[in-house]
Amino acid sequence: MPLKTRLNGYFYTLIGPKRTRPEIGYGLFLSYSGQRDRGILPSLQRAIEKQPRPWYKPPLLRVFLDKSSIPIGPHLWSKIESGLSRSNWLVVIASPEAAESKWVDREIAWWLTNRSSDTLLLVLSSGDLVWDDDHEDWNHSVSTALPPRLLGAFEHQPVWKAIKWHKSSNRSIDPDIDGAALSILSVIRGISEDDLHSESLRETQRNLRWAQLTGLVLTILVILATIVARVAVVQKDRADKQAMIAAARLVTTIADNKMDTDVRSALLLAVAAYKIDPSDTNLSTLLRANIASPSIVRYLTTSSPVTALETSADGSTVAAGTADGQVLLWSPSNPELTRVFKLTSSIASLAIDRSGETVLATDGTQVALWQKASGTHPIKIEGENSPDLVAISPSGKLAAIHSIAQNTRLISNAFVGVLDLQSGEIDESHPDNWNATTMSFISDSELALFTGQRDTRIISLTHNWEFAEFRHGGCGASHPVGDPSVNGRYVACGPLKGEPILIFPSDGSDANSFLNAYIPQASTAIPATLSLSGHTVAVPGQDGALYVAGTSSVKDNTPPATRLTGATVTSEKLLRFMGDSENRLVSAHQDQITFWDMQQTDRITRTLTIPSVMGCNACQPNIFVSPNSQAAIVSTSVNYNDSDADATLLQNLAPDNSPPSTIIAPFRGIPIWLDEKGKSSLIIVGESYPWGSGTEWEEDLSIPKNVTLSPPVRSAERIVAASSAPGSKVIIKVDSEGNIALEDTNGRDLKSIPSPVASTDVNGSISHAAISHDGSLVAIAKRDDTDSKDKVTIFDLHSLRTVGTVDGQDLTDIVYSDSELVIERREAIEYWSLDGHSLHRTNRGENPAGLPWIIAMDQKGSMVAEDTTNEYTTLIKDGLTLAIIPPTRVDWYAHTGIALSADGKMFLRTTTGSDGGPDGILEVRDISADALIRSACHSSGSDLSSEEWRTIVGIARPKNAYCI
């Protein structure tokens, strides 16, 4: 089939009308017979109907073919006749089969009757058609394809066409359908086949151009649609991102506002904000939330509000009772609360023994005893009494149950029963007319009842229930009196506005000897809580904070109170010291239990003890972190044989059970970590000849096998910088006179390099030096006291020439990062190109007073820690202040050193101790986002509930704003 015909047919199939209304009529009617013609005529029909035409016009001719144009149903002839009546031409496919077909003959007869023979066209498919010129009619004897009804139908010889047959590539005989269709159309339209062919070609070309144009337009539209869709996706992503950023900002703002009053919410909101938008700003909020209210260790969430709270005398266990009747135990070593039993109603009172292995509780109707060894047992109360108070003796052998008759609340109908905890039976019960609000054992033989006012009754359990009553005269009538100390030996009066809190022995043994605790911010509505010793008091303040203060027998010499924030405390009965501790407390409010430790640095800090002392006044400790963050080197002073001496310490930084630090060098050293063929080694380069005891105690050291010492030489100058490039076996040293020396890893001298700043002039000295990470550049700061024109000189070790200089005015330190030279001045930090040619940026520090800084930096220069002597440490990331960390010690002997790990995820700070005083400490903080999230989620106890989120934040919670 010719290409143009195929294209026309294909184009028509794609965009041409699929159906035409029957009433429009047909251009021609195909009359035929025989199986072979039946097989080819549908193709002929399509070829005629799909002749090229403008793409927007319907077919030029519609063809009636009984195989495709007659619907299924009866009355076949009437349908054929209908098709004939609506056709303009009758095309008879002449063949021997048609010559013998009565249907063909009948169709011809109808046409000759109702139409003109001029509109009847013969197309020879097979057989012969012969015209007899002599008779002006068909030669019937030899015209084998002529239907009988056509004899005598024409006055003159008609035009007829023939379907040509040819061999195809597969050797079959196929008809020339396109040629036959063109022949038929040329007769019907009265156009020569050549002209018709030209017209078809023009229409095909025109349609192809239209198709190409349409394709081009469609391609452009698809491209535009794709661009629009992509823009829409980008805009949607951008809008979603902006919405998330806005949500994170809101959450961050709320977290900031809650850091002083509700640390749990602040921690969880900070986690949510960072997960919504992990920006440095939200990392700052997350870090600050983790160090806010540093005395809070963690929170615990209960299923309902806490109604009773006690701690064991050994400080190992906390017991809590809840409004839904649960009795819960918790140990600081256990991250979860443990339910030991449940009563029907709200727990009214509970008691716990010294070791935390026995708990007694009542809900006002029932009493239950839990013992670790035997489980839970109900305690039967004689009569119809309602238990309201319980207590356990110090030995854990006895318990007391206070109860009131159910039919009256008269004091005279109260009873106290003594319970043998081994048998679980009440040995004896005595009436009591004391309006007790609290009950405690002083010893196994004495039981104290307290009224909550000024009165105490102490009952002897060994002398026929004899008792003594005491009124604490030092407490005024308006003084609220809180619960006694855990052992019942002390009670506290007050507080009253502007007056000290008074602490008395509960037995009145020395009524004139009392202790004072002065907390001017104390709330007068809530009594104080006492430690076991009675030497420390805790009381909520009027500002919502919790205040803890020591006591003194001298009113005007009371220790200052410590202000604790981050959790709500509204009842002295839900505030307890942990055992005999003066620094650890536990409190409860609603469904939150808070554990406090006033000696804790903060929730992300591990504090390690190291034998570091101040040494000389100018002897600042230096600290270095290994490349894998698994070890630290501290260059400091230690006490050896009652004398201070320079030393270098090695401290393992393993997260759990870190071993004690090891003294590995009898001098202050600069560590150089080497990694050769997978084996790690460490070289300690001595800074200067040891001050103090010298090196005679080197034999007492335990030096690891992978550590090599490069001791200082007595006559040499102080080493101010030492380093080695990655993969190199050469050590670069810079001394205080500006001399540069190269050594191998065994300490052998390789080369001395003349430095442009090297000098022995007494007026010139090297204050600081830094070596680039690749070992190619050395920056040396020289202080010239004669003209006050300090400068930093950058020297290239390969070309042996000066490549740059930077003004050294007000310089306090210089450090190389991977890509920049960082110059620290008194009031700013500057980031220069490695060669000092261009200043990239300047960050103003947190040092308005211009005090000397200590600076530490990660390898990329992104994270910076800066510290003023004995002052706060500021953590900065890319110019943004993440957090300001307060000093752990501010004593005269406390000198500080700081360091950051190479990846900036770990911050270390060391503070020296003193001779005969406290040891030095090394604080290790993991400040990576993952570690901060883990710490925040662990400390919070539980995530914010949906109701808490709605109440606090007020917007829909993003799907990733969870601790999980």
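## Strands that pair

Two strands count as paired when DSSP finds at least two bridges between them. With that in hand, meet a first pair in this predicted model: strand β45 (residues 719-723) is joined to strand β46 (residues 730-735) by four bridges, and the two run antiparallel.

Together β45 and β46 make a hairpin, with six residues between them. Look for G727 in the turn, where phi is positive at about 80 degrees. Strand β45 itself is mostly covered, since five of its five residues are buried.

## The chain as a whole

The chain has 964 residues, and 52% of them count as buried. Along it there are twelve helices and 63 strands.

How do contacts span the sequence? Among contacts between residues at least 6 apart in sequence, 51% join residues at least 24 apart.

## Another hairpin

Further along, strand β47 (residues 740-744) pairs with strand β48 (residues 749-753) in the antiparallel sense, over four bridges. Here A741 has S752 in β48 as its bridge partner.

The hairpin of β47 and β48 has four residues between the strands. A glycine can be picked out here too: G747 takes a positive phi near 90 degrees.

Strands of a sheet pair through backbone hydrogen bonds, either parallel or antiparallel. In the open sheet ordered β38-β39-β40-β41, the pairing of the four strands is antiparallel. At its edges lie β38 (622-625) and β41 (662-665), each of which pairs on one side only. Neighbouring strands of this sheet are turned against each other by 40 degrees on average, with direction ignored.

For a detail of this sheet, follow strand β40 (residues 643-652), which pairs with β41 in the antiparallel sense over three bridges. Across this pairing, L650 stands opposite T662 in β41.

## A buried leucine

Now find L682, which sits in strand β43 (residues 679-686). Is L682 buried or exposed? With a relative accessible area of 4%, L682 is buried, because anything under 20% counts as buried.

Its surroundings can be listed by name. Leaving aside residues up to four places away in sequence, L682 touches I633, I664, P671, I672, W673, N706, V707 and T708. One of these, P671, is eleven residues from L682 in sequence, and their C-alpha atoms are 6.7 Å apart in space.

## Helices α7 and α8

On to the helices. Two packed helices are described by the angle between their axes and the distance between the axes. Helix α7 (residues 177-189) and α8 pack at about 105 degrees, with axes 9 Å apart. The two are therefore roughly perpendicular to each other, as angles from 65 to 115 degrees are classed that way.

On the α7 side, the contact is made by L182, S183, L185, S186 and R189, while α8 contributes E193, L196, H197 and E199. Sorted by class, the residues of this contact are three nonpolar, three polar and three charged.

## Helices α8 and α10

Helix α8 (residues 193-258) also packs with helix α10 (residues 280-291), at an angle of about 25 degrees and with the axes 10 Å apart. These two helices are therefore roughly parallel to each other, because an angle under 35 degrees counts as roughly parallel. Their crossing is left-handed.

Which residues of α8 and α10 meet? From α8 come A248, T252, A255 and D256, and from α10 come N282, T285 and R288. Two nonpolar, three polar and two charged residues make up this contact.

## Helices α10 and α11

Helix α10 also packs with helix α11 (residues 929-940): their axes come within 10 Å and cross at roughly 45 degrees. The pair is therefore oblique, and the crossing is left-handed.

Here L283, L286, L287 and N290 in α10 meet A929, L932, I933, S935 and A936 in α11. By class, the contact has seven nonpolar and two polar residues, with no charged ones.

How values were computed
Residues are numbered from 1 along each chain as its sequence is written. This is a predicted model: local features need pLDDT of at least 70, side-chain atom pairs count only at pLDDT 80 or more; totals for chains, interfaces and linings use all residues. Side-chain values use heavy atoms; hydrogens and water are left out. Axes are lines fitted to C-alpha atoms, for helices over the stretch in contact, and angles run from 0 to 180 degrees between N-to-C directions. Angles under 35 degrees count as roughly parallel, over 145 as roughly antiparallel, 65 to 115 as roughly perpendicular and the rest as oblique. A crossing is left-handed if the near helix is turned anticlockwise from the far one by less than a right angle, and right-handed if clockwise. Contact means heavy atoms within 4.5 Å. Ala, Val, Leu, Ile, Met, Phe, Trp, Tyr, Cys and Pro count as nonpolar, Asp, Glu, Lys and Arg as charged, and the others, Gly among them, as polar. Buried means under 20% relative accessible area, exposed over 50%, partly exposed in between (1.4 Å probe, protein chains only).
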